[in-house]
Amino acid sequence: MKKVVVLAVVLVFALSTVAMAGFEKCQGCHNGKVSPTKEKLLEKFKTADAFIQGAKAAKSPMMNAAKANEADLKAAAAELGLK
């Protein structure tokens with residue numbers, strides 16, 4: 001049952017963020033309530049490559065859609081100001 005709920009949440013999240021790009025797409029969760037804030041991410045990741053590798057290594061099922069789209073991860077890193 002938990003897998004069904006998680007899958008439904010991921011699906012709704014993915015469909016609701018199709019039109020967004022960069023970090024704007026990530027802010028639904030990365031608002032400090034569900035996942036780390038933008039500031040916490042910048043403390044943790046100092047380069048775009050580290051950010052992308054960290055996102056791909058994330059164990060949260062909510063990150064599965066992001067892991068598969070490196071272009072969005074690069075756009076989010078650029079929007080965060082990471083090089």
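Me: What makes Glu 70 and Lys 74 a salt bridge?

Reply: First, a word on the source. This is a predicted model, where local features need pLDDT of at least 70 and side-chain atom pairs count only at pLDDT 80 or more, while totals for chains, interfaces and linings use all residues. Residues are numbered from 1 along each chain as its sequence is written, and side-chain values use heavy atoms, leaving out hydrogens and water.

Now the pair. A salt bridge needs a side-chain nitrogen of Lys or Arg within 4 Å of a carboxyl oxygen of Asp or Glu. Between Glu 70 and Lys 74, N to O is 3.8 Å.

Me: Where do Glu 70 and Lys 74 lie?

Reply: Both are in helix α6, four residues apart, about one turn of the helix. Helices are DSSP runs of H or I with at least four residues, strands are runs of E with at least two, and numbering starts at the N terminus.

Me: Why is Glu 70 called partly exposed?

Reply: Its relative accessibility is 34%. Buried means under 20% relative accessible area, exposed means over 50%, and partly exposed is in between (1.4 Å probe, protein chains only). Glu 70 falls in between, so it is partly exposed. Lys 56, at 36%, gets that label too. So does Lys 74, at 49%.

Me: How many salt bridges does the whole structure hold?

Reply: A search finds three. One of them joins Lys 25 and Asp 72, with the closest N and O atoms 2.4 Å apart. This pair links distant parts of the chain: Lys 25 is in helix α2, Asp 72 is in helix α6 (residues 70-80), and 47 residues separate them. Both Lys 25 and Asp 72 are buried.

Me: Is Cys 29 buried or exposed?

Reply: Buried. Its relative accessible area is 12%, and the cut-off is under 20%.

Me: What makes His 30 count as buried?

Reply: Its relative accessible area is 16%. That is under 20%, so His 30 is buried. His 30 is in the loop between α2 (23-26) and α3 (38-44). Leaving out residues up to four places away in sequence, it touches several others, including Phe 23, Leu 41 and Met 63. Touching here is contact, with heavy atoms within 4.5 Å.

Me: Why is Gln 53 called exposed?

Reply: At 58% relative accessibility, Gln 53 is over the 50% cut-off, so it is exposed. Gln 53 is in helix α4 (residues 48-57).

Me: How do you know that Met 1 is exposed?

Reply: Its relative accessibility is 80%. That is over 50%, so the label holds. Met 1 lies in the segment before α1 (2-16).
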